[in-house]
Amino acid sequence: MKHIILAVLLLCIHCKQNKAKSLKKSKSNLLTIVAVGDIVHPCNTKLKKVFSKLGSNIYSRTRKFLQSADLTFGNLEAPLTKQKTKRPKIYKYQFTGFPEEARWLREAGFNLLSMANNHIYDAGKKGVKDTFQYLEKQREFSPYLKWTGAGLTKKQARKYLVFSPQGKNFKVAFLAYSYCCENKVNLFRLARVKRDIRTVKKQADFIIVSIHYGREYTHIPSRKKRIKYKAVIKAGADLILGHHPHVAQGVQFYHHGFIAYSLGNFAMGTKTSRYKKRKAKMYSMALRLTVKIENKKVSFLKTEIFPLYTNNAKPFRIKKKKEEFTPFIPKFSKGIFAKRILKYIQKWSKQLPQNKTRFILKKDKLIAEILDEGQKGMQGATYAP
Ligand SMILES: [Zn+2]
C-alpha cells in the first residue's frame, strides 16, 4: 500500500514538473500586460511629508498585482527632480515628484512608463533630465525598465520603442503621445501617429499606444476622441492605453484591438473638489491583459478590469458600509465596493456607440470579451494582420 502511495506521489510530482515545463515553453508566445493610469506624488506641495513617510509603501497594496505581468505600464505625470517648478503662473497646477519615486516605481514592478503628458515639463528641461537620470540608475536593478514620450530634444521626445520583452520570441512597439504642451513632449497628432505606426509595424508584432488626452472628469469620451482612437487602431495599433481625464471611462474591443479610453488616476497626491463640481466619480481601473502572439497573429486571450477607488480624502461608503480607508495607497476594491465601480465601468462602456464588447462581472473584477458573430465563444479577438 505504502509503495502505491509513494508511486502515485512521485507520478504527481512528475506531472507537475512537466506541466511547469510546458507552461514555461508556451509562455514565450504569451504576453501579459498590466496597465494603470496617472502617477504623481508632488514634493512641492503640503503633502510632501505624507509621501516621504509613505515612501515605497505607496505601492504596498498593489505591488503583487503590478509584478504579475511581463509589461507593467503607468503614466508618470511629473518630473522626478529637486528642481523648482518653472512654468508661467497661468499654469495653476505644477508638480515635481520625489527623486526616490524612481526606485519606488521600479520596486513596485513598473517597467514601461509614459512621459508624454502635460506635467512632465513642469520643472523645465532640468526636470526631465533629472527624471531620466534617476530612472537610468534603476536600470541597474531592472534592465528592462523603459520609458518614452518626452525628451531633451524633439527627436528624443518622438522616439518610439521596439523591443522583445524578457523571454519572449516576439517584438512589442511602445509609443506615447500627449495632447499638449511643449514640443519636447510627443504631441498627439493623428497624422504623426499613423506614420509612426506604419514604421513600427514593419518591426513589431504587437503595438501599444499610450495617449494622454481628453476632457477631464468626464466618463464618456467625446465623439472626437472616439474617432481619433479608433483611427489609431485602424492604423495598426493593437492596444490603446488612455489617461488624463482623472477618472475611468469605458473600454471596447474595436476592429482587431482594444481601447481603454481612460484608466483614471492610479497613485495621485490630490485631494480635489473638482470631482464634485463635475459630478464625476473617483473611480479608476487597472487592466490586465493576456495576449497570444504567434506567427504574427495576435489573440486577446483574457482582458480583466480591476476596480480602484481613488479618493484620498474620504473613505468609500455604500449605505452603512465603509470601505477600509488607505489614503494615498491605492488598493483594489472588494465586495460591494468593487461591484459598484465595475457596474459603472460597464455602464460607461455600454454608452460607447457600437461597442461590440461583452462584459462578465466576476468576483471583484470585470471580464471584457469581444462580441462578434464570427468569434462566438472566444475569449477575445483573433486576427492576422
Ligand atoms: Zn494630465
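Start with the largest nonpolar core, which has 101 residues, and select Ala35, Phe206 and Ile240, the members that touch the most others. A nonpolar core here means buried Ala, Val, Leu, Ile, Met, Phe, Trp, Tyr and Cys residues joined through C-beta atoms within 7 Å. Keep in mind that this is a predicted model: local features need pLDDT of at least 70, side-chain atom pairs count only at pLDDT 80 or more, and totals for chains, interfaces and linings use all residues. Residue numbers run from 1 along each chain as its sequence is written.

Zoom in on Ala35, in strand E1 (residues 30-40); strands (E, at least two residues) and helices (H or I, at least four) are DSSP runs numbered from the N terminus. Ala35 counts as buried because it has 25 C-beta neighbours inside 10 Å. The cut-offs are 20 or more other C-beta atoms within 10 Å for buried, 12 or fewer for exposed, and partly exposed in between, with C-beta atoms placed from the backbone.

Now pick Leu241: its C-alpha sits 7.5 Å from that of Ala35, though they're 206 residues apart along the chain. Leaving out residues up to four places away in sequence, Ala35 touches Phe73, Leu241, Ala260, Leu263, Ala286 and Leu287 (contact means backbone-placed C-beta atoms within 7 Å).

Last stop: helix H7 (residues 190-201). Select Val193, Asp196, Ile197 and Val200, which are buried. On the other side of H7, Ala191, Arg195 and Arg198 are exposed.

Key: Contact = placed C-beta atoms within 7 Å. Expected span 1.5 Å × (residues − 1).
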